[in-house]
Amino acid sequence: TIDAIATDHAPHADHEKDQEISYAPPGLIGLETALALTITNLVEPGHLTLAQAIERLSVAPARILGLDGHGGPVEAGAAANLCVFDPAASWTVNAATFNSKSRNTPFQGHTLTGKVVHTFFRGRRTVVDSSVQMGVLV
């Protein structure tokens, strides 16, 4: 049973990760690949429908964590917290183009389906044409 899909976005710079594994901080970049990995590995093989995947990535985590204002419906007058994506877009993971300072991904070179195009957080555009808008998450 998959109740929710989430990432623990705690990016680390190359110099932090480039050491013996017992000294390196744990984790890898997941935020920039989460949607595409979900579509590629869960939706395309038929484990989840696209609607179920979106619910597991948005509504379910917000409900489980009690995050009011997240994961809810788009409503007139409410600040937008949403993601616009192309579910059919195919792309190849290239960590050098990530917006995050982290480049630590086991998916380098993998071709995935589903690409985030725009995101809005509290009504402000945070990603436009797949690029993070710096300084908007203050």
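**Overall fold and two local sites**

In the protein chain, residues 24 or more positions apart account for 56% of the contacts with a separation of 6 or more, a contact being heavy atoms within 4.5 Å. The model is predicted, so that local features need pLDDT of at least 70 and side-chain atom pairs count only at pLDDT 80 or more, while totals for chains, interfaces and linings use all residues. Residues are numbered from 1 along each chain as its sequence is written, and side-chain values use heavy atoms, with hydrogens and water left out.

Four helices and four strands are present in the protein chain, where helices (H or I, at least four residues) and strands (E, at least two) are DSSP runs numbered from the N terminus. Along the sequence, these elements follow the pattern α-α-α-α-β-β-β-β. Of the 138 residues, 28% count as buried, that is, under 20% relative accessible area, with exposed meaning over 50% and partly exposed in between (1.4 Å probe, protein chains only).

Threonine 113, in strand S2 (residues 111-121), is buried, with a relative accessible area of 15%. Its side chain makes a polar contact of 2.9 Å with the side chain of glutamate 44; such a contact is a pair of N or O atoms within 3.5 Å and, within protein, one must be able to donate a hydrogen and the other to accept it, residues adjacent in sequence counting only if both atoms are side-chain atoms. Leaving aside residues up to four places away in sequence, threonine 113 touches residues including Ala36, Ile39, Thr40 and Pro87.

By contrast, leucine 65, located in helix H4 (residues 59-65), counts as exposed at 62% relative accessibility.
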